Amino acid sequence: MSMLKIKKGDTVRVIAGKDRDAEGKVVSIDAKNHRVVVEGVNMITKHAKPSQANPNGGIVKMEAPIDISNVMLVFKGKTTRVGFKMEGDKKVRFAKSTGEVID
């Protein structure tokens with residue numbers, strides 16, 4: 001499995017598509033298909049049958065996954081590319097624009 005540069009909980013900005021320039025938090029990641037679900041971005045309407053969790057059913061608005069190449073990490077208010085480097089014997093992510101360690 002390839003190492004992904006975006007993690008769950010990161011704040012990202014959409015750089016391509018209908019929701020360009022929208023920002024949100026990463027809710028989930030599908031590493032196999034290289035897709036992410038971002039809070040409040042790429043909203044779709046889904047017709048849900050009544051179930052025990054949703055007794056009335058009806059039309060539900062929810063986020064759909066977008067390709068990971070269409071989002072960019074926001075670090076200290078600015079978008080940046082992400083790289084990896086070794087710090088001691090730990091592999092850490094760093095912002096390519098400033099060189100600072102992200103986590």
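The model is predicted: local features need pLDDT of at least 70, side-chain atom pairs count only at pLDDT 80 or more, and totals for chains, interfaces and linings use all residues. Residues are numbered from 1 along each chain as its sequence is written, and side-chain values use heavy atoms, with hydrogens and water left out.

**Strands and sheet**

- An open sheet is formed by 6 strands in the order β6-β3-β2-β1-β7-β8, with antiparallel pairing; strands are DSSP runs (E, at least two residues) numbered from the N terminus, and two of them pair if DSSP finds at least two bridges between them.
- The edges are held by β6 (66–67) and β8 (78–80), each with a single partner strand, so one side of each has no neighbour in the sheet.
- Strands β7 and β8 pair in the antiparallel sense over 3 bridges, and Phe75 has Lys78 in β8 as its bridge partner.
- Strand β9 (residues 82–87) runs antiparallel to strand β10 (residues 90–95), and 6 bridges join them.
- Lys85 stands opposite Val92 in β10.
- The hairpin of β9 and β10 has 2 residues between the strands, and Gly88 in the turn has a positive phi of about 70 degrees.

**Salt bridges**

- The structure holds 3 salt bridges, each defined by a side-chain nitrogen of Lys or Arg within 4 Å of a carboxyl oxygen of Asp or Glu.
- Arg93 pairs with Asp10, with the closest N and O atoms 2.8 Å apart. Because Arg93 lies in strand β10 and Asp10 in the segment before β1 (11–14), the pair ties together parts that are 83 residues apart in sequence.
- Arg93 is buried at 3% relative accessibility, and Asp10 is buried at 11% (buried means under 20% relative accessible area, exposed over 50%, partly exposed in between, with a 1.4 Å probe and protein chains only).
- Glu100 and Lys76 meet through their side chains in a salt bridge (2.6 Å, N to O). This pair links distant parts of the chain, with Glu100 in the segment after β10 and Lys76 in the loop between β7 and β8, 24 residues apart.
- Glu100 is partly exposed at 33%, whereas Lys76 is exposed at 63%.

**Largest pocket**

- The lining of the largest pocket comprises 8 nonpolar, 2 polar and 2 charged residues; Ala, Val, Leu, Ile, Met, Phe, Trp, Tyr, Cys and Pro count as nonpolar, Asp, Glu, Lys and Arg as charged, and the others, Gly among them, as polar.

Definitions and conventions. Helices (H or I, at least four residues) and strands (E, at least two) are DSSP runs, numbered from the N terminus.
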